[in-house]
Amino acid sequence: MSDNLVVVEGLHKTYVSGPTRVTALRDVTFHARAGELIAIQGRSGSGKTTLLNMVGGLDSPDSGRVVVAGQDVTALPEEGLLRLRREVIGFVFQSFGLVPVLSAAENVGVPMRLRKTPTAEREDRVRLLLTLVGLEKHLNQRPYELSGGQQQRVALARALANTPRLLIADEPTGQLDSQTARQIMELIRALVDSEGVTALVATHDPSLITLADRVLEIRDGAVTERQAAEPTTTG
Ligand SMILES: Nc1ncnc2c1ncn2[C@@H]1O[C@H](COP(=O)(O)OP(=O)(O)OP(=O)(O)O)[C@@H](O)[C@H]1O
Ligand SMILES: [Mg+2]
């Protein structure tokens with residue numbers, strides 16, 4: 001066995017709607033080792049979300065293979081996919097996706113409720129996670145009572161609730177100002193280091209480039225790995 005947490009081999013995806021065909025991924029191959037923070041960069045429409053959805057089992061490719069933590073995502077039945085998404089992968093999206101009527105603490109607790117984690121254990125971990133993201137004083141506030149950056153911190157804490165091995169973040173700073181975005185990216189870097197999680201982060205944000213272990217660049221659905229010394233070419 002290798003220490004690759006994520007193996008992506010020869011992924012192809014073409015979307016067909018009416019007469020239009022869009023090839024979103026072309027022969028995409030890469031590996032992510034355990035504990036790596038990988039930035040996925042590329043212009044709008046280049047295929048970042050499509051790729052992350054395939055890795056997370058939210059969409060299926062036309063051909064190719066995705067293996068996460070030793071499980072072939074592309075071959076799993078729906079029940080196995082649900083378990084993988086609940087227990088192995090944590091997701092963060094641009095739009096935060098918090099439940100408006102629940103407090104920060106209750107939002108973070110949702111994935112643990114779904115897994116029937118005992119109440120005391122759940123409450124301890126919720127407090128720990130919200131402390132980890134710097135929100136220990138905001139446990140009882142609802143999303144609309146928090147700033148955008150604070151809401152994304154809650155979403156990150158929630159994504160880590162079930163101690164996932166893989167964190168998938170799609171434009172996690174897309175709705176934030178540049179200073180707050182930088183703080184969220186630094187937080188993701190710190191969480192990867194402290195929790196030992198592997199992270200795939202799609203972003204236009206150049207601040208992640210300096211924080212990531214590796215940078216993958218997608219152009220028209222094809223992935224190349226950018227060398228550390230190369231300057232940024234996309235915005
Ligand atoms: N469900 C779909 N049906 C048809 N075409 C789609 C679908 N999803 C994505 N596409 C197309 O696939 C291509 C890649 O889209 P994708 O959302 O992966 O890009 P992206 O890199 O995430 O862009 P952005 O930075 O704007 O989020 C685009 O041309 C898009 O129009
Ligand atoms: Mg996208």
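**Conventions.** I worked on a predicted model, where local features need pLDDT of at least 70 and side-chain atom pairs count only at pLDDT 80 or more, while totals for chains, interfaces and linings use all residues. Residues are numbered from 1 along each chain as its sequence is written, chains are lettered from A and ligands numbered from 1 in the order in which they are written, and side-chain values use heavy atoms, with hydrogens and water left out.

**Ligand 1.** I looked up the shell first, taking a residue as near if one of its heavy atoms lies within 4 Å of the molecule. I found 13 residues around ligand 1, the closest being S44, G45, K48, T49 and T50. By class I noted three nonpolar, seven polar and three charged residues in this shell, with Ala, Val, Leu, Ile, Met, Phe, Trp, Tyr, Cys and Pro counted as nonpolar, Asp, Glu, Lys and Arg as charged, and the others, Gly among them, as polar.

I then looked up the polar contacts, meaning pairs of N or O atoms within 3.5 Å. An N or O atom in the side chain of K48 is 2.7 Å from an oxygen atom of ligand 1, a polar side-chain atom of T49 is 2.8 Å from a ligand oxygen, and for S46 a polar backbone atom lies 3.2 Å from one. Taken alone, ligand 1 exposes 630 Å², of which the protein buries 62%, the areas coming from the Shrake-Rupley method with a 1.4 Å probe.

**Salt bridges.** I counted a salt bridge where a side-chain nitrogen of Lys or Arg is within 4 Å of a carboxyl oxygen of Asp or Glu, and the structure holds 15 of them. One of these pairs E36 with R214, with the closest N and O atoms 2.8 Å apart. Since E36 sits in the loop between β2 and β3 (37–41) and R214 in strand β9 (residues 214–219), the pair ties together parts that are 178 residues apart in sequence; strands here are DSSP runs of E, at least two residues, and helices runs of H or I, at least four, numbered from the N terminus.

For burial I used under 20% relative accessible area as buried, over 50% as exposed and in between as partly exposed, with a 1.4 Å probe and protein chains only. E36 is buried at 9%, and R214 is buried at 13%.

I also recorded E217 with R226, where the closest N and O atoms are 2.8 Å apart; E217 is buried at 4% and R226 is buried at 8%. Salt bridges that share partners join R33, E36, R214 and E225 into one network.

Notes:
A polar contact is a pair of N or O atoms within 3.5 Å; within protein, one must be able to donate a hydrogen and the other to accept it, and residues adjacent in sequence count only if both atoms are side-chain atoms.
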